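Here are some notes for a first look at this model. Please read them with the structure open.

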Amino acid sequence: MVKEIDFTTKQDDFLEITEKVKEVVRQSGMDEGTCIVYCPHTTASIVVASRMDPKGFDDICDEVKRLIPTRVDFKHQLDTPSDASGHVKSALLGVSVSFIISKGELIIGSSQGIFFMEFDGPRKRKVFIHVGGGIA
């Protein structure tokens with residue numbers, strides 16, 4: 001089963017999608033299997049992070065910007081500097097995460113959340129959630 005979720009982002013959004021992913025798992029009826037959350041964009045990422053302290057999101061975003069700042073000296077020839085830095089951020093942080101499904105539930109830590117990180121918004125975005133590989 002594959003479910004697509006669509007949304008519009010603002011620049012540098014850090015959006016939690018945990019509950020949407022859990023709902024797709026519940027709707028699938030899958031008892032044991034896997035769940036893959038995939039982002040088909042080159043200037044965004046899917047990350048797992050702590051959701052306990054909202055200021056922690058600021059720390060993650062600040063550090064990503066510090067490590068990969070928007071600069072004019074990227075070798076990209078067809079992209080803007082923010083788009084070029086977004087490509088590097090996405091490549092390093094990744095576009096998918098995988099989870100185990102057990103007893104019909106997503107196995108995720110109590111303080112963990114699933115987040116969509118936008119590096120070059122505003123944009124219309126989508127995320128695909130695949131549930132399978134197990135027993136329904």
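Predicted model: local features only at pLDDT ≥ 70, side-chain atom pairs only at ≥ 80, totals over all residues.

1. Start with helix α2, residues 54–67. Its 14 residues should span 20 Å at 1.5 Å a residue. The end C-alpha atoms lie 21 Å apart, so the length agrees.

2. Which residues of α2 are buried? They are Phe57, Cys61 and Val64. These cover an arc of only 60° around the axis, and therefore sit on the same side of α2.

3. Now turn to the face of α2 that points away from its buried side. Lys55, Arg66 and Leu67 are the exposed residues there.

4. Look at the start of α2 as well. A side-chain oxygen of aspartate 53 comes to within 3.0 Å of the backbone nitrogen of lysine 55.

5. Next, the backbone. Most residues other than glycine have a negative phi, and most peptide bonds are trans. The following points are worth checking against that.

6. Aspartate 12 has a positive phi, near 65°. This residue is in the loop between β1 (2–9) and β2 (14–16). Aspartate 12 is partly exposed, with a relative accessible area of 30%.

7. Lysine 103 also has a positive phi, near 55°. Its loop runs between β5 (96–102) and β6 (105–106). Is lysine 103 buried or exposed? Lysine 103 is exposed: its relative accessible area is 71%, and the cut-off for exposed is over 50%.

8. Last, the peptide bond from glycine 121 to proline 122 is cis, with omega near 0°. Proline 122 is in the loop between β7 (112–118) and β8 (123–135).

Terms used
Residues numbered from 1 in each chain as written. Heavy atoms only, no water. Helix = DSSP H or I, 4+ residues; strand = E, 2+ residues; numbered from the N terminus. Buried < 20%, exposed > 50% of the residue type's maximum accessible area, 1.4 Å probe, protein only. Expected span 1.5 Å × (residues − 1). Arc of directions from axis to C-beta. Polar contact = N/O pair within 3.5 Å; in protein donor to acceptor, adjacent residues only side chain to side chain.
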